[in-house]
Amino acid sequence: MEQKKYIIAMDQGTTSSRCILFNRQGAVCSVTQKEFPQLYPQPGWVEHVPRDIWSTQMGVTMEAMQKIDARPCEIAAIGITNQRETTIVWDAATGQPICNAIVWQCRRTADQIEQLRRDGMEETVRQKTGLIPDAYFSASKLAWILDNIPQARTRAQRGELRFGTVDSWLIWNLTDGQVHATDYTNASRTMLFDIHKLCWDQELMDYFHIPASMLPQVLPSSHIFGATDKFGGSIPIAAAAGDQQAALFGQCGFEAGDAKSTYGTGGFLLMNTGKDAIRSKRGLITTLAASGTPAASRNYYPSYALEGSIFVAGAAIQWLRDEMKLLDDAGQTENICASLKDAGGVYVVPAFAGLGAPYWEQYARGTVVGLTRGVTKEHFIRAVVESTAYQTNDLLTAMKEESGLPMASLKVDGGASANNFLLQFQADMSGLPIKRPQCIETTALGAAYLAGLAVGFWRDTEEIRCNWACEHTFLPTIDLRVREELLCGWARAVRCAIAWAKDQQ
Ligand code: ADP
């Protein structure tokens, strides 16, 4: 292990493929990234070309190695993290995809999910998979492919086709079709996997008419899946995990009660709940967390997590910039917000695509309340930035209540976590210390840690924890009475956004 210097993290995202080489201290030694085309063949449909996913991921990996002249013998392992739920079907003999990948954002199967509800399957899905039935997850996308691509159903029944999420697709290609596998975290997003028994569920496979021969073997996230010789020497593939679970692991969220909030285009709050798969009554999803190998971890194995997502977080800042033309750059918001004492009584609920957890009102729309004659453009901008913190706070409140676990602090990452005002406001609204790490590449880092643990590059999670360094902690400073007033104002604004939806029905 001595000459092994690096772990390769393949971070296959929705709009780009990235590769990062990390050293033993968890520091970034080389990064490369390449975007690939997004296809929108019809309104509400989103596709990727599976070959683009593979070729860009290969390209950035080779480039990242070349940049620092890293030789295959210096690489201890590869860890994969990926966009979740995106569905690919390929020919087992040739490895050729039979159609484009259906991306998680694609809404083409919304009617099938309505039918699933009418068929009385909602409770079964919730109980077994921990998910709320939605077109977002892989099952209805896979069924769509089998129903709509000529010959697909017959060929699947003959055992000629394979299904995979993006991790499986990469592993298959890295091993020249030797390994057809996925990990618990990715499997838990397919809506076909029983998260309690840790196996594919026959009842759900029957409902969607999915033959077992199509499905990958499900393995722990930190595990040697196989080896690849695509980089000029044999390198073990030692981890796979969905992006949000990888980020929780990269933030050292190993223990029950550990939580992280990612502020990207959308927002994702995940809390490790240890050995308990907690069933949410407030619209949070129950999912499998990424765990280190049993030997390398003092934690429960496997661990579960509660997850809540915000559809519009940083996207609201993009909207201010691109559609409202109130900004040139997202970074300007920080100084604008800090120059004001408050948002002037204005609240913006950016429910552009409805409201997610804990409200679940898909017909809600963006709402502005509290306008008076003195309100300026700056107040409006501040109200938009504050909305991300308010929405995250709503998820935090739901999680604290449902998990019953104390939360000592919240770790953050993602592009908008660069905004100091946002994080201070988050601390003030939640009453929690908000911790921003030095390394905000937490998704890739999580995949690297999981791979490194599987091959002994790192001994255990305690060793990894020493790598986590805080760049800044934001402590709550607000007067409690003011906090109460602001939170009441936000709750009223959300009620207005919901009233707009209800009035139509
Ligand atoms: P994703 O991974 O979802 O593409 P990123 O983590 O790269 O997103 O974050 C990009 C988002 O963060 C954009 O929506 C952008 O508007 C927002 N953003 C970036 N910098 C700032 C900032 N300083 N303040 C507020 N929002 C920001």
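This is a predicted model: local features need pLDDT of at least 70, side-chain atom pairs count only at pLDDT 80 or more; totals for chains, interfaces and linings use all residues.
**View 1. A seven-stranded open sheet.** Follow the strands across and you get the order β17-β18-β16-β15-β21-β22-β23, with mixed pairing. At the edges stand β17 (285–288) and β23 (470–474), each with a single partner strand, so one side of each has no neighbour in the sheet. From one strand to the next, the twist averages 30 degrees. What holds strands together like this? Strands of a sheet pair through backbone hydrogen bonds, either parallel or antiparallel. Zoom in on β15 (residues 259–263) and β21 (residues 410–413): these two run parallel and are joined by three bridges. Look for Thr262, which sits opposite Asp413 in β21. Now find helix α13 (residues 420–430), lying across β15, β21, β22 (434–437) and β23. Its direction makes an angle of about 150 degrees with β22.

**View 2. Helix α9, mostly covered.** How many of the eight residues in α9 (residues 243–250) are buried? Seven of them are: Gln244, Gln245, Ala246, Ala247, Leu248, Phe249 and Gly250. Just after this helix comes Cys252, with a positive phi of about 60 degrees.

**View 3. The second largest pocket.** This pocket has a volume of about 350 Å³. Its lining takes 20 residues, and Gly314, Ile317, Ala330, Gly415 and Ala416 lie nearest the centre. Helices α10 (314–322), α11 (332–338) and α12 (377–403) each give two or more residues to the lining. Which of the elements gives the largest share? That's α10, with five residues. Sort the lining by class and you find nine nonpolar, nine polar and two charged residues.

Methods:
Residues are numbered from 1 along each chain as its sequence is written. Side-chain values use heavy atoms; hydrogens and water are left out. Two strands pair if DSSP finds at least two bridges between them. Helices (H or I, at least four residues) and strands (E, at least two) are DSSP runs, numbered from the N terminus. Axes are lines fitted to C-alpha atoms, for helices over the stretch in contact, and angles run from 0 to 180 degrees between N-to-C directions. Contact means heavy atoms within 4.5 Å. Buried means under 20% relative accessible area, exposed over 50%, partly exposed in between (1.4 Å probe, protein chains only). On a 1 Å grid over the protein atoms alone, a cavity is a set of points where a 1.4 Å probe fits but cannot get out, and a pocket is an open set with protein on both sides within 12 Å along at least five of seven lines; lining residues have an atom within 4 Å of a point. Grid points are joined across faces, edges and corners, and a volume is the space filled by probe spheres set on the points. Ala, Val, Leu, Ile, Met, Phe, Trp, Tyr, Cys and Pro count as nonpolar, Asp, Glu, Lys and Arg as charged, and the others, Gly among them, as polar.
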